Structure formats: C-alpha cells, structure tokens
Amino acid sequence: MTVFALIIINKAGGLIYNRTFHEGGLNKISTNDYLVLAGTFHGVHAITARLNPLKPRVGNRSSTSSSSGPGGLLTRPEPPSGLEVLESENFRMQCFTTLTGVKFLLFTDPTQANVDLTMRRVYDMYTDYVMKNPFYQLEMPVRCDMFDRKLGSYIREINNR
Amino acid sequence: MAHFGPGKTASSKEQAGLRYPSNGKTIYHRPLHRTKTAELSQASFAYLFSEMVSYAQRRVTGIQELEKRLNIQGHPIGLKLLDLLLTREPPRSQTRPLTIIALLHFIKINLWTHLFGRQADRLEKSSNPDTPDEYMIIDNEPLVNAYISVPREMSQLNCAAYVAGIVEGVCDGAAFPARVTAHSVGGKEEGEMWPGKTVFLVKFQPEVLEREALFGKG
C-alpha cells in the first residue's frame, strides 16, 4: 500500500508540481518527460471529456437543452468528466479535476484503498498552503515550503501504515 | 470618510459604501462587552491577509519597506484594541498597564487571547547588558503565517510584521513608545519543532526606561 508520486497540472496543461514519495515504485524519468506526460495527459483528458455524452438531469427529458429545470430554475447537465483512472500492472493513476480545471494525478500501488480520500486531503492542502499563500502566482510552478512539508508528512503517514 | 458626489449619495443610498442590515443594527449597536467565544473564520482571514500582503508588495521595492507597510497597517488596530480590551476588563482592574512588565503581560495574555485564542508562548528580556531596552515576545506559530511560505529570495521577510504593528500600537497607546519588529527564528537549533517560530522584538524608547527607573525608586 503505497503512494508513489503526485503531479499537479494547471488548466493550460503545464506541469506545476511534481514529487515522488517512494523510491523504487516508479522508474525515474527526466523532468522533461514529466512535462511531456503532463501535456499529453492534458490533451487525452480533453478528448475523452468530449467523448463523454452529456446526460440531462433525470426527470427533465422534455426540455432538449436542459436549460430550465422544475420551477423554472436553471439546471446544468453534469459536467463531462474525462479520463479518471489509468491502470497498469504495477501502478494505478487517479486523476482529479477541480472546478477550476487544475488536475491532480496521484500514482499509487494498484491495491491502494481510499485514494479518493487521499486525493481530497491533498486538494485540501493545496487550497490551504498554496492558494492562501500571498507569494504564489496562479498557474506558475508551486514552490511553497509549507505545502511540501505538510504533504510530505501526510503521505509518509499513509505509506508507513 | 470618502466623499461621494452629492447626487450619488442622495440617489442611491443602498448601493454606496456600507450596507446596513435590514433591522438597522450595525456593529455600533452591539454591546462592547461581548462573549469571549466570538470567533471568525480562519480561512476568510487567511484570504484577506494574503491580499493585504500582495497589496503591500505591489507598492514597495524592498523587504524592509514591505514590513514597514504591514507594520503601519497593524498600528491603528493596536491603538484601538488597547482601549477595547481595557474596557472589557472587570472594573477593578480597569487601569492601563503602568510598568513595562505589566504591559508585556497584558500583551502576552489579553491581546494574544483576544486576537488568536491563546496566549503568546514566551516572554523574555534581552540578556545582552548593552540593550536593556529590548524585550521579546515569542510565538511558536503565528496565526497570520499559518498558510504563508516565504520564497527563498525573501527569506528575511516575516509577514507577522503586521502583528508587530499591532503590538507597537498597543505600546504607543499605553504611553510606552516602542519599535516592534518580527523576526523568524525557526530553522535554527530548535527550529525543527517550530519552523514558523517568530520573535517580536520590542525596543522601548529611552524615556520609557528612564521613567521606569524613577518608578522603581519611588
């Protein structure tokens, strides 16, 4: 049960954070390759999101554009979610997209349980220690000591369980 | 107060400036003696403070200037808090602190509890005989810095300069004029435990010490 690595991709497809937690879980690839991985995944995610059919809300079939729900309130269809999980023999990659389009990719052991929960905590930490930091510029690489420290101790706790 | 054009204030009272609650009770209608457990959201404070720092940062060229600006932002709060906190004291102890030690205790206990919900961690007097006018208030993890990571190229900066400004305001208001600065000391010997440890260095003006010496004799 191990969390191997975390990647954060900004909404333009740029790699803004990249950290490995466990030696030997994944092979080492160069930073350049990580950049390519981030960009490629971003593209694949966008295409798969377009493949995904939009489902109108249940009980609201009559209106074709699904723009007005019961009581005349505007309702939106579920936003299309692209590729979420990628699995190989030795690792599992889970993707979480925030409402603002930032992607968190968590590479874990294929048997890792509760990845959703871990992802949630990582997102919490991102909102706390990155977004509330006055010295962080949006869309730029994340360089926040406090985020590194808290993330490190949280993941270490999981990996040592 | 801001000056609006006469036409604007007359025509759109609801839109301009402050919004009044529908029952007409503003913050000034509330009693001064509030319950002790009135707490605010730390997240909203963090966002506000983050914007205050960026605002100050856009208008300065150096780190010292930035700390100065934060200090100035905190100063009036200290002046006002001194009055408010003394008003809330029980009538018997409702006098302003008259000695340096009493003042520092007031800051460590009352001010810190009001602002941050706990006391400051330690109070020290400078051990250097050359600087008897220096006192230190130590906070292991200042609330204002809870989510702030200072970039490496600005490592001397400590955003708790804002709190230092508040402390300076309290000292000035109590007629103990002083200069208060915030310094990060985490990362040194015991820094592993408290990486955000901050020392507020209070340097009193010479006349304060002179008066204090006279007090001691009398």
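A salt bridge, for today, is a side-chain nitrogen of Lys or Arg within 4 Å of a carboxyl oxygen of Asp or Glu. With that rule, one salt bridge turns up across the interface of chain B and chain A. The partners are D145(A) and R152(B), whose closest N and O atoms are 3.6 Å apart.

A quick word on where this comes from. This is a predicted model, where local features need pLDDT of at least 70 and side-chain atom pairs count only at pLDDT 80 or more, while totals for chains, interfaces and linings use all residues. Residues are numbered from 1 along each chain as its sequence is written, chains are lettered from A and ligands numbered from 1 in the order in which they are written, and side-chain values use heavy atoms, with hydrogens and water left out.

Back to the interface, then. Chain B brings 19 residues to the contact and chain A brings 13 residues, where contact means heavy atoms within 4.5 Å. Buried area is the accessible area (1.4 Å probe) that two parts lose on being put together, summed over both. Here that comes to about 1,300 Å², with 61% given by carbon and sulfur atoms. Which three residues supply 45% of the area that chain B buries against chain A? They are Y47(B), Y147(B) and S149(B).

Now look inside chain A. Helix α3, residues 145–159, lies across β1 and β2 of chain A and runs at about 40° to β2(A). Helices (H or I, at least four residues) and strands (E, at least two) are DSSP runs, numbered from the N terminus, and axes are lines fitted to C-alpha atoms, for helices over the stretch in contact, with angles from 0 to 180 degrees between N-to-C directions.
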